[in-house]
Amino acid sequence: CPSGPALLFAKSGRGKEEGRRFYACSACRDRKDCNFFQWEDEKVSTTRLAAREEYNRNHQPSFTHRQNVERYKNFVLLPLSKRRFCQECQQLLLPDEWEEHSAHQFLCDISTAQLKSPSQLLYPLENKKTNAQYLFAERSCRFLLDLITDLGFRRVLSVGTPRLHEMIQSKASQEEDFRVRSLLLDIDFRYSQFYTEDEFCHYNMFNDYFFGGEAARETCRKFLCQDNGERVIMVTDPPFGGLVEALASSFKKLMAVWKKTEKEGHNNQEMPMFWIFPYFFESRILEFFPSFSMMDYQVDYDNHALYKHGKTGRRQSPVRIFTNLTPSKIVLPVEEGYRFCALCQRYVSSGNQHCEICNSCTSKDGRQWKHCVLCKKCVKPSWFHCNNCNCCALQNHTCEKTDAGCFICGKAGHKRSTCPSL
């Protein structure tokens, strides 16, 4: 489909065996955005295949990446009064294109500063089921970049983190002694208008697909494998509605490219990585990356109403950094209330108190959690132990767990993710 190779899914019903398997779009979970559907065992007619190829061709961008690079070179040579950006088409306009966009809204006098901050010029794609393009707030972006440089990394593979990429690019062009370089991999092709083929690759992180083919994949490989004693780290901020399994598969493939070219002695190492995701996905991420641990730092976003730092209780940002780096090396800002726990050997939030029974700072959401002797673990402060459910839950919850079984086999005692029939 237009997003590259489809993923294989399975329909399943309560108490039934795994249902019929089908292919669907890897990036769009809503059929309105991409209606690709094909049963695994379906024989597709030549007519339908031709129609599909025609549909895919029609959904390609107007210009190639190379053409966009040439257009950008011409655009920056224009005087300020002739630099226009079409807001409806999300496109930089050259003077001979003004006429065909005359009925559209556009911005005039596009400055060099605006061209170096495309994430602020472009509209964020906020469809939660497809792009969910929430952009780091200045605070989080600056913290990440300072952390990366303090840890000694000089190359950053920015997978779906356009704002971090542009901050690195901007500092590199302004400061002579700034040595960090970045390569942006993103599904948003609009960025090809502002970056060369060595700075941006059109990429789908749900199926490890480079739209630019082998040339783009080679660009990524070279970036990961240049060895001038410079360390490389991957930083990724996927859409939170995305399938963790598909994302983990792609990230492992990128890590394998790095590992293949590492020198002797690095065989057992993983490529360093920051995966930015909500804390409630912790168990899923650890399932695929057991070496990862979750940091307490709250990542916040400019264009998200809820994911803001500094709010209290349940209104705090749930987004955290998962990493395979040694937790004690991730220094969190003391001025924001983070402190070092000598027992856990990591920085924790001010409300995260060390539990002597769990022997860990157990809070996930910034509030102080309490230990439940019956559950044998710490739980949220608003939860109480329910004897019917035999676990902690909100006080006014309905005891559904007593008769609700697994979605796959219908039996009680386990969830779908741990079903032996799966």
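I started with N207: its side chain reaches the backbone oxygen of P5 at 2.8 Å. The side chain of N207 also reaches the backbone oxygen of S3, at 3.3 Å. I take a polar contact as a pair of N or O atoms within 3.5 Å, where within protein one must be able to donate a hydrogen and the other to accept it, and residues adjacent in sequence count only if both atoms are side-chain atoms.

Housekeeping: this is a predicted model, where local features need pLDDT of at least 70 and side-chain atom pairs count only at pLDDT 80 or more, while totals for chains, interfaces and linings use all residues. Residues are numbered from 1 along each chain as its sequence is written, and side-chain values use heavy atoms, with hydrogens and water left out.

Where does N207 lie? I found N207 in the loop between β9 (200-204) and β10 (209-210). Helices (H or I, at least four residues) and strands (E, at least two) are DSSP runs, numbered from the N terminus. N207 counts as buried because its relative accessibility is 13%; the cut-offs are under 20% relative accessible area for buried and over 50% for exposed, with partly exposed in between (1.4 Å probe, protein chains only). Not counting residues up to four places away in sequence, N207 touches S3, G4, P5, L7, S26 and S250. Contact here means heavy atoms within 4.5 Å.

Next entry, A246. I located A246 in helix α8 (residues 244-261), and at 11% relative accessibility A246 counts as buried. A246 is in contact with L7, M205 and F206, leaving aside its neighbours within four places in sequence. I checked one of these: A246 and M205 are 41 residues apart in sequence and 8.1 Å apart in space, C-alpha to C-alpha.

Then helix α2 (residues 65-77). Which residues of α2 are buried? I listed H65, N68, V69, R71 and F75. They sit on the same side of α2, because they cover an arc of only 165° around the axis, the arc being that of the directions from the helix axis to the C-beta atoms. The buried residues of α2 pack against β4 (84-86), β5 (91-93), α3 (112-115) and β9. On the face of α2 turned away from its buried side I noted the exposed residues R66 and L77.
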